[in-house]
Structures are given as structure tokens and as C-alpha cells.
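User: I would like a close look at a single part of this model. Please keep it brisk and connected.

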Amino acid sequence: MKILVTGAAGFIGSNFVFYEQKLHPDYEIVGLDSLTYAGNLSTLEPAMENDRFKFFKADITDRDAIFKIVSEEKPDVIVNFAAESHVDRSIEDPGVFLRTNILGTQVLMDAAREYGVGRFHQVGTDEVYGDLPLDRPDLLFTETTPINTSSPYSASKASADLLAMAYHRTFGLPLTISRCSNNYGPYQFPEKLIPLMIANALADKPLPVYGEGLNVRDWLYVDDHCKAIDMILSNGKIGEVYNIGGHNEMANIDIVKLIIGYLGKPESLITYVTDRKGHDMRYAIDPKKISDELGWSPETKFADGIKLTIDWYLHNKEWWENIISGEYRKYYAEMYDGR
Ligand code: NAD
Ligand code: TDX
């Protein structure tokens, strides 16, 4: 079995490579990434030690490069993690989100068709369903919840999902789609809530909480997302969408307080800042379909996963300090200074 993993140098893509290497030591894995600001080749160093792993630096919107790699490598499966993934950046500059997330997915699916790749898996997000109200805890996103996007990011991911379903129906491309809730764990880029709060708290810098901090996200440890994708690749039904989430809803402010409590930092670091435009209130996944049909369930409880994650950032300062010393400083100043 040979799997082409796009976005392999990003947060979930790299964790998926490690997960597959461990679970299926006989698999060949081809990592592909254009190494945007969010991609780090150093993350993949442990994977490179395995001679069944190979890496290509390529952009998924580059048709010639992608066709060449797919024709030469002949993967059995393509799993597409490559994306622009940060909502705040999509509000500042939507263009690259449309290019990578929609057109890049199209290029990959065209290559899969051209060279008869047996399976295409599109990694989607729960954000395509829009949001849920705080006062209706009974409401959850199911696979049939209508698409109702709020940000350019979620609109681009929803477009990719729709295009994928169209490629399945029109061309018979054998594919599956997963839509996961918020992930956390090692190697997450520090622009996202949890690593940003850990990094700032460690530096005794203000912790910028949007609005009142009451927005709710449904957090899943990254390995449990990888486990779900692996199970979908093995037993998922072609043409189906699978929601992934572990019933772990938490308000942002509670996560921030938990992080500062664990690190022994004062709550006075919390700074309420101007809210995100179009900020979704609550996400909550109903994982019944993947549990019933594929027997998936999450293994890591949030109380354990968040400790593992904070400890990882404490022990791997070099990884994220390198990142926040570069281009990221400019981004941070533009996004947060005077907010
Ligand atoms: P990330 O930003 O950490 O990683 C994305 C990777 O894609 C980076 O390595 C980047 O260099 C690469 N990339 C970007 N544009 C590319 C291009 N044009 N060609 C090739 N590579 C390119 O994101 P992530 O959090 O790891 O998310 C991975 C996928 O999972 C995305 O599709 C995202 O929408 C989805 N997802 C993420 C979450 C989450 O909570 N992080 C939840 C659900 C779904
Ligand atoms: O500085 C911050 N302060 C803050 O209050 C940041 C960066 C975020 N927030 C809030 C906004 C959200 O309510 O925290 C929550 C989580 O924010 P993000 O980490 O930006 O994640 P989110 O917008 O929920 O999107 C994530 O989950 C779905 C991923 O980034 C997406 O790629 C994924 O599809």
C-alpha cells in the first residue's frame, strides 16, 4: 500500500504520517507539501528516518508538478490535508484560500482520475456546517446538516467538499470525505488558539481572547482524528461523508483558564480583544455514523490530551520558538497590536 499525504509538513498531516508509520510499518508513504508559512520540514525529520518515506516539495495547485508526482509514484490512495487552514487569515486575504483549498483539490482529483488512483480522501471540517446556538445543547452537526458557511475559509472548504462529491457522481472518482471538529496536539502552528495561549502564557504575554470568550469548540486530540481517517480508508463507504468528533465541547475562556492554571500563570494575563468578524458561536459534532458504521471512538480524554499537549510545547520549545521568531511576528503584530 502506498499513500500520498498532501500537507504532510503541517499539523495534522505530519501527525497522520507518524500515525500510519506506526500502525502500518509496511506502508510506503509519500509526503507532499509546498511548505507555506504553516509547513515545517523539520517536523518530518523522524518520518524521514524510515526508508519507506519520501518527501516532495510541491504546490497542489501546480498541475504539472502534481501530475508528474502522481504518475511516477502511482499511489494507491491520496489523502488531502493540504490547505490554508486559519480562519483569521482568510478574513484578511481570501484569495489564497480559494486557490489552494478549491483549485488545489481539483488538481489532485484530476490527477487521481488521470492515473487511476484507487481512493481519494478529502479532509474536511465541521466549519462547513456554520454554527449552532449556545442555548440549544441538544443540536449537533450530522452529515445531513445543511452547508452554511461563515468565513472565506469555511466557504473554501465547503466548495472543495462539493466539488469532490461532484467528481464522485460525475466521473465515478472513488472518494470519501471526513469533517472533523477542532484538533489539538503536538506540532500545531502557534497561530491557533491552544498553542498561541501556551506560547504567550510561557512568555508572560497577554492572552488575547476574542469577544467574551464564550464561543464553544468541540476539541479532539489529533491522534483520534488520524485514527478515524485510517478507519475510513479501510472500511469507509465510497461516496460517503463521515463526521468526526468526541463530544468534548468547551468554551474558549475555559480552555485559556485551564492552560494558565496548568502553567501556574496569573489570570490577569487574559485580555479580551475585539471579536473575530462573523465569529461562529458553537461547533458540536454528532459522531454517531462513524461510531456505528466503523466502530470509531476517541481514545484520549481532553483532561489527558491537554496535559500531553502543554508538556509537548514545554519540551519542544525550539520547534515553536523558531516559528514565532520569523515572519510570524509581523502577522502577530498586524492581527493583535491595538486590537
Ligand atoms: P496546517 O495549516 O497546520 O497545515 C496545512 C499544510 O498544508 C501546511 O504544511 C502547508 O504548508 C500545506 N499547504 C498549504 N497550501 C499548500 C499548497 N498549495 N500545496 C501544498 N501544500 C500546501 O493545517 P492543519 O490544521 O494541519 O489542517 C490540515 C487539514 O485538516 C486542512 O485541510 C484543514 O482544513 C483540516 N482540518 C483542520 C482542523 C483543525 O482543527 N486544525 C479540523 C478539521 C479539519
Ligand atoms: O487568539 C485567539 N483568540 C481567540 O479567542 C485565537 C487564535 C482564537 N480565538 C478563538 C476563536 C475560536 O472561537 O478560539 C477559537 C478557536 O480558534 P482557532 O484556533 O482559530 O480555530 P477555529 O477558528 O475554531 O478553526 C479550527 O477548527 C476547524 C481550525 O483552525 C480549522 O482549520 C478547522 O477547520
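How many residues surround ligand 1, and which are the closest? Please describe that site.

Analyst: This is a predicted model. In it, 28 residues surround ligand 1. The closest are Ile12, Asp33, Ser85, Tyr153 and Lys157.

Start with the make-up of the shell. By class, 13 of its residues are nonpolar, 12 are polar and three are charged. Helix 1 (11-23), strand 5 (119-125) and helix 6 (152-171) each supply at least two residues. Strand 5 gives the largest share, with three residues.

Now the polar contacts. An oxygen atom of ligand 1 sits 2.6 Å from an N or O atom in the side chain of tyrosine 153. Threonine 36 places a polar side-chain atom 3.0 Å from an oxygen atom of the ligand. Isoleucine 60 uses its backbone instead: a polar backbone atom there is 2.9 Å from a nitrogen atom of ligand 1. As for cover, ligand 1 has 830 Å² of accessible area on its own, and the protein covers 96% of it.

One further residue ties in here. Asparagine 101 belongs to helix 5 (residues 95-114). Its contacts include Tyr153 and Lys157, both listed among the residues closest to ligand 1. Asparagine 101 also touches Ala83, Glu84, Val96, Ser156 and Ala160, leaving aside residues up to four places away in sequence. With serine 156 there is a polar contact, side chain to side chain, at 3.0 Å. Is asparagine 101 buried or exposed? Its relative accessible area is 2%, so asparagine 101 counts as buried, the cut-off being under 20%.

Methods. Residues are numbered from 1 along each chain as its sequence is written. Chains are lettered from A and ligands numbered from 1 in the order in which they are written. This is a predicted model: local features need pLDDT of at least 70, side-chain atom pairs count only at pLDDT 80 or more; totals for chains, interfaces and linings use all residues. Side-chain values use heavy atoms; hydrogens and water are left out. A residue is near a molecule or strand if one of its heavy atoms lies within 4 Å of it. A polar contact is a pair of N or O atoms within 3.5 Å; within protein, one must be able to donate a hydrogen and the other to accept it, and residues adjacent in sequence count only if both atoms are side-chain atoms. Accessible areas come from the Shrake-Rupley method with a 1.4 Å probe; for residues, only the protein chains shown count as cover. Helices (H or I, at least four residues) and strands (E, at least two) are DSSP runs, numbered from the N terminus. Ala, Val, Leu, Ile, Met, Phe, Trp, Tyr, Cys and Pro count as nonpolar, Asp, Glu, Lys and Arg as charged, and the others, Gly among them, as polar. Buried means under 20% relative accessible area, exposed over 50%, partly exposed in between (1.4 Å probe, protein chains only). Contact means heavy atoms within 4.5 Å.
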